[in-house]
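Please read these notes with the sequence and the model side by side. Each point takes up one topic.

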Amino acid sequence: MKEVEALYAHLREFAVQGSQRVRRFHGRLSEAEKAAVLTEFKEAPGRGEDGFAPLLIVATSAFGLGMNRRDIRCVFVVSPPTDLSALYQQLGRAGRDQAGRAQNEVDAPSTGMALGTGRGLRTVAWLAAQGLSPDVLRRLGQSVLRAGVSGILDPERLAADCMATDLQAGLLPAQQAQQTAVWDTYRTSVVRALAVLASLDALTDLGDFPERVRITPIPGAARPVGSEWGPAAAVVGALAEQRPGSHQVTDVYALLRDSAAGPVVPDPAAAWTALAALHDLGVVDVSQAGNRRTLTAVRVPDGTALPDTFDARMRAARERARQDLADLRDWYSAADCATEAFSVYFTGSPLGGDGHVCATSATRCSTCWATDVSAARTPRLLQALNTPRPRPAVHRDSEPYRRAADQWIYALLWDNYQGLTPAMIRRVLRGEETYLSRKDGVRRPLWPRLLYHRLRGVDPGIHSSDVIEALQRLHADGHVLPTKDGVLWRLRRYAEHPPQEV
């Protein structure tokens, strides 16, 4: 998601021209924005139809799942996935309307590109290498079982508690404890331990649910009578009218459990399902606005011990990931036919003779284009991909970049009345998702106003000096002021006028 935000912001700021449209899609967008992007993608006019304009979607790999639009002309896998199977599936989303046609029947060639940069492969290698020692993994597994007795798991709290224990015992250096990557490793390991324990029948995963929801009444809403949601509608409807606002899902669950709705709401995850159903039925308005944490409902039998095969199952995923990484590196670095390599990966045998996929120019990989002796011209996208040193879109020492940086920082301060520190501004522009709390030393997510800001990730390579210089330029122009203690920067209009006037 961080890379999606960064690439989307960069393209929108520097690369999109004319009638081109660029959109983003990932799991942390609001449901309304995701639905709007999906609708636009499905209904966008094709080439030759009225209203056609090039549409570029910057998205995580999950975007294409279930999307069967057949006239996609280019898929560019900017970051390597975790294995060749995922790469094959992603590239295969291009040109489905041309599949099965003879060479002379292909009227709209499509392109699939895969960029295997050193940074991207290092990221995959880092993901494959992520993991804690067997002793730490066992402690995490035991912590999951102990916490699961209450029926509710908080993966972030479990990860933080385990990190604190390791830090206090000297097993985790203080400097590493402050790194986002280490925090992610612990949290991911907790989630993986939960999945392994569920697969070994040591516990039952009942589903995820948000910690808090906002419930507000809908004027004139009808209450379903006689349906399975009737009792729940009565309880939640009364709660919305008497105490509209933010509520913990566990508190709502307790109300439903002690009412006539108890049989259909056996756990907090079911309570969240009930709230979602009541929202869809128009009984109350339910949203996750302001929620920062996702919990998991589980059922753990009394006296359950850590299964004997837990250690082996936790190690198996890492070993499989390492082999997938080796195959992926070989594919990107090999000078052989790319489709041949796919055939070997999936079937164990190469395609030869007339059955070779790259036998004609109708379908050809970059390696076979390089050795082609036919009169067919090399595609322009392949020429661009093979450019040794593409011209950079923007230089940091240029006036356009300085002007853009000033506009980004001004916009961030405009949307944050109390002001921001230079370090926080840099985190947002770099696309970071967390910060280290000075109060308790725990890494926490950025507050929603920054986490979902349209400029988050606009410049992943921005330096602290770039932020300071931009603030100094804005200060010289009279737009911003530092606070008296010099910690925060605010817009001058916010600092010099009462809040009511602002």
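The points below cover the basis of the model, a sheet, a helix, the salt bridges and the surface.

1. Basis. This is a predicted model, in which local features need pLDDT of at least 70 and side-chain atom pairs count only at pLDDT 80 or more, while totals for chains, interfaces and linings use all residues. Residues are numbered from 1 along each chain as its sequence is written, and side-chain values use heavy atoms, with hydrogens and water left out.

2. Sheet. Three strands make an open sheet in the order S5-S10-S6, paired antiparallel. Strand S5 (152-153) and strand S6 (204-210) are at the edges with a single partner strand each, so one side of each has no neighbour in the sheet. Strands here are DSSP runs of E of at least two residues, and helices are runs of H or I of at least four residues, numbered from the N terminus. Two strands count as paired if DSSP finds at least two bridges between them. S5 and strand S10 (residues 294-299) are joined by two bridges; Leu153 has Thr296 in S10 as its bridge partner.

3. Helix H9. The 13 residues of helix H9 (residues 230-242) should span 18 Å at 1.5 Å a residue, and the end C-alpha atoms are 18 Å apart, which agrees. The expected span is 1.5 Å times one less than the number of residues. Among the buried residues of H9 are Ala233, Val236 and Leu239. Buried means under 20% relative accessible area, exposed over 50%, and partly exposed in between (1.4 Å probe, protein chains only). The cover over the buried residues of H9 includes strand S7 (212-217) and helix H10 (249-257), where contact means heavy atoms within 4.5 Å.

4. Salt bridges. How many salt bridges does the structure hold? There are 18, each a side-chain nitrogen of Lys or Arg within 4 Å of a carboxyl oxygen of Asp or Glu. One of them joins the side chains of Asp166 and Arg139 at 2.2 Å, N to O. Asp166 lies in helix H6 (residues 155-168) and Arg139 in helix H5 (residues 134-148), so the pair ties together parts 27 residues apart in sequence. Asp166 is buried at 1% relative accessible area, whereas Arg139 is partly exposed at 26%. Asp154, Glu156, Arg187, Glu211 and Arg293 are linked in a network of salt bridges.

5. Thr309 sits in the loop between S10 and helix H12 (310-333) and counts as partly exposed at 42% relative accessibility. Phe76, in strand S3 (residues 74-77), is also partly exposed, at 39% relative accessibility.
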